[in-house]
Amino acid sequence: MTRLDRLQNRMAASGIDLMALAPGAHLRWLLGFMPHPDERACLLLIGPDKAGFVMPALNAPDARQHTDLPFWEWRDDDGPDAALAVALDHVNPHPRSVAVDETMRADHALLVLDRVPNVKRGFAADTLGALRMIKDADELALLQENARMADAAHTAVREAMRDGITERALADIAKASFTAQGASIAFGIVGAGAHSSYPHHHTGDTPIRPGDVVVVDIGAEKGGYYSDITRMACLGTHPDEYQKVHDTVEAAVQAALAAIRPGVAAHVIDKAARDVITAAGYGDYFTHRTGHGLGSEVHEPPYITSNNPLILAEGMVFTVEPGIYLPDRFGVRLEEVAVVTATGCRVLSGLSRDLHSASV
C-alpha cells in the first residue's frame, strides 16, 4: 500500500473529503519529491479516491518526471482559478470537509477555501501528520545514519576547541564534517561562556577563552531526514556550580528516557524531566519544552510539552533536551534523539553526554 493509499484510508476514517497540500515536508513525505515552491500556487488536491496537481506551467515539465498523477496547469497570464476549478471537479466537486496544509501560504490556502465555502475545515497535521509521526524501518535507518554523522561532527568540534577559536569557526568545523559525510548542515548553535545561557544563541565571532563552557547544538540533513544533538564542552576548568547543573540536566535526561514507552502521554515525559530540575531548585531556569519530533523536518510532532495529551506509540521519534540557563553565567543543555520501542525507547546517538574538557 502506498503512502497516498494510507492517507486516503486515514482521511476516510477521519471524515476528511478533500485535502490540499503545498510544496513542503508533508508533500515530500507523501510522494517522495517536492515541486518547486514559490509565490505561484502549486497544490496537490487529494480526494477519497483521486488526486492531482494544480501546477504552474513553467514547473510542470520537471515535476512530471517524479509523478504520474494528473496535472491541471496554469500560466502566469491566466492565474490559477480556472485550473483549480477543473481540478476540484475531478478530485471531489462537493466536499463536506477540507483539510489544508498548515504550512502553506495563507493566500494559497484561501484559493482553496474560497472555492469550497460552508465546509468543515481542519489541518493536514491531524491526518497526514499522524501518519508521519510513526517512522518505518527505512526512516529509522536514515535517522540512525544521520545521528552517526552528527556524532562525528561533534567529535570534530571537540577536537578543534582551543583558546581563541571563535564560535563561528567551531560551527564551520561542524559544517565541514557534515559536508565531508555527504550531509548538509541545517543549523549550528555554538554559544561560549554567558552565551551558553541563551537557548537559541546566534553563533558569532566570540572567541573561546579558558574557563568558558560551550554549548554545541548541531544538526544536518541527508536523504531527506535530519539529525539534532546537543553536548557541552569546556576549555580548561569549568565555572563554580557548573557540575551541579550538568548533573541535574543529566538526571533529567535519564528520567525522561526512562519514562518513554508506548501508551504514555507526551506530557508525562516532559514532567519527568521537569520534576528533576525543579526538585534541584532550577525550575525557573528550564524555559522550554522537553523535546520535539524529528524526521523529515527538524521540528515536527510529537512535541514533548507539559500540556500535550498525545499518547506515544512505537515508531515515534523525538528529542529529549532539558536545559538549565543561568542568566549572564552559563547554560547547560543535553539532547538525545529517542525512538519509542515496544518496551521503552532507544537513543540514536552513541556520544557520551559527559562534559568534554579541552586542554588550555
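Before the first stop, one convention: a crossing is right-handed if the near helix is turned clockwise from the far one by less than a right angle, and left-handed if it is turned anticlockwise. Keep in mind too that this is a predicted model.

**Stop 1: α4 and α5**

Select residues 81–91 for helix α4 and residues 106–115 for helix α5. Look along the pair and you'll see α4 passing α5 in a right-handed crossing. The axes come within 11 Å and cross at roughly 55 degrees, so α4 and α5 are classed as oblique to each other. To see who does the touching, show side chains for Asp81, Leu84, Ala85 and Leu88 on α4, which meet Leu111, Val112 and Arg115 on α5. Colour that contact by class and you get 5 nonpolar residues, 2 charged and no polar.

**Stop 2: Leu111**

Stay on α5 and centre on Leu111, which lies in that helix. Is Leu111 buried, exposed or partly exposed? It is partly exposed, at 21% relative accessible area; the buried class takes values under 20%. Leaving aside neighbours within four places in sequence, Leu111 is in contact with Ala41, Pro80, Asp81 and Leu84. Now put a distance label from Leu111 to Leu43: the two are 68 residues apart in sequence, with 10.0 Å between their C-alpha atoms.

**Stop 3: Asn118**

Move on to Asn118, in the loop between α5 and β6 (120–123). Check its backbone torsions: phi is positive, about 60 degrees, although Asn118 is not a glycine. Asn118 counts as exposed, with 80% relative accessibility.

**Stop 4: α7 and α8**

Next, select residues 137–160 (α7) and 167–180 (α8). What are the angle and the axis distance for α7 and α8? They pack at an angle of about 140 degrees, and their axes are 8 Å apart. Angles over 145 degrees would count as roughly antiparallel, and α7 and α8 are therefore oblique to each other. Here too the crossing is right-handed, with α7 passing α8. The α7 side of the contact consists of Met149, Ala150, Ala152, Ala153, Ala156, Val157 and Ala160, and the α8 side of Leu170, Ile173, Ala174, Ser177 and Phe178. By class that gives 11 nonpolar residues, 1 polar and no charged ones.

**Stop 5: the cysteines**

Pick Cys42 and Cys234. Cys42 is buried at 1% relative accessible area, and Cys234 is buried at 0%. If you are setting up bonds, how many disulfides does a search of the whole structure find? The count is 0.

**Stop 6: His292 and its surroundings**

Centre on His292 in strand β11 (residues 291–293). His292 is buried, with 2% relative accessible area. Not counting residues up to four places away in sequence, His292 touches a list of residues that includes Asp228, His299, Glu300, Tyr303, Phe318, Glu321 and Glu335. Pro302 is also one of its contacts, and Pro302 lies in strand β12 (residues 300–304). Check the peptide bond from Pro301 to Pro302: it is cis, with omega near 5 degrees.

**Stop 7: Asp328**

Finish at Asp328, in the loop between β14 (323–326) and β15 (330–333). Phi of Asp328 is near 65 degrees, a positive value in a residue other than glycine. With 66% relative accessibility, Asp328 counts as exposed.

Technical notes:
Residues are numbered from 1 along each chain as its sequence is written. This is a predicted model: local features need pLDDT of at least 70, side-chain atom pairs count only at pLDDT 80 or more; totals for chains, interfaces and linings use all residues. Side-chain values use heavy atoms; hydrogens and water are left out. Axes are lines fitted to C-alpha atoms, for helices over the stretch in contact, and angles run from 0 to 180 degrees between N-to-C directions. Helices (H or I, at least four residues) and strands (E, at least two) are DSSP runs, numbered from the N terminus. Angles under 35 degrees count as roughly parallel, over 145 as roughly antiparallel, 65 to 115 as roughly perpendicular and the rest as oblique. Contact means heavy atoms within 4.5 Å. Ala, Val, Leu, Ile, Met, Phe, Trp, Tyr, Cys and Pro count as nonpolar, Asp, Glu, Lys and Arg as charged, and the others, Gly among them, as polar. A disulfide is a pair of cysteine sulfur atoms within 2.5 Å. Buried means under 20% relative accessible area, exposed over 50%, partly exposed in between (1.4 Å probe, protein chains only).
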